[in-house]
Amino acid sequence: MSELPCQGCKGLCCGPVPVTDQELKTIKKKIKAMPIKLRAELENQQRHYGTCIFYDMEKDKCGIHAVRPSVCRAFGYFSNMVCFRQPSAAGAAPWRAQAPSVGLLTIDFTWRDFK
Ligand code: SF4
Ligand code: SF4
């Protein structure tokens, strides 16, 4: 699997993403375990309209990388989720969710749901 050139994108492809019930629980745990100051800094950042609520604009990376949803892990590597900056990284097979989504992060679930 080749690396994607994500540095500098500033969360370009990080918009609302589908999450499963299990993923939500895992993210909640991670957010609750964050030091309060760090959590507040991440929460209160200015983001572009539509950018994922967990994108860390200051560090230019996902703020919950270790527990990001499976769709985020898959992005760029499947035929139905091609990264326009590196299309060659995408395989021929389409990505399919392993579990049903319960809603969209950023639209259906916001910071209020993680406290
Ligand atoms: S997956 Fe592609 S568009 Fe998204 S941050 Fe990485 S290089 Fe940028
Ligand atoms: S959870 Fe992380 S990788 Fe997924 S869309 Fe949000 S910021 Fe991007």
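Here is a short tour of the model above, from the whole chain to its two ligands.

This is a predicted model, in which local features need pLDDT of at least 70 and side-chain atom pairs count only at pLDDT 80 or more, while totals for chains, interfaces and linings use all residues. Residues are numbered from 1 along each chain, chains are lettered from A and ligands numbered from 1 in the order written, and side-chain values use heavy atoms, without hydrogens and water.

**Select the protein chain.** Switch to cartoon view and follow the pattern β-α-α-β-β-α-β along the sequence. You will pass three helices and four strands (DSSP runs: helices are H or I with at least four residues, strands E with at least two). Now show the C-alpha atoms: they fill a box of roughly 40 × 30 × 25 Å along the principal axes. Of the 115 residues, 35% count as buried, meaning under 20% relative accessible area with a 1.4 Å probe, protein chains only.

**Select ligand 1.** Around ligand 1 you will find Leu4, Pro5, Cys6, Cys9, Cys13, Phe75 and Cys83 (each has a heavy atom within 4 Å of the ligand). Colour this shell by class: it has seven nonpolar, no polar and no charged residues (Ala, Val, Leu, Ile, Met, Phe, Trp, Tyr, Cys and Pro count as nonpolar, Asp, Glu, Lys and Arg as charged, the others, Gly among them, as polar).

Notes:
Buried means under 20% relative accessible area, exposed over 50%, partly exposed in between (1.4 Å probe, protein chains only).
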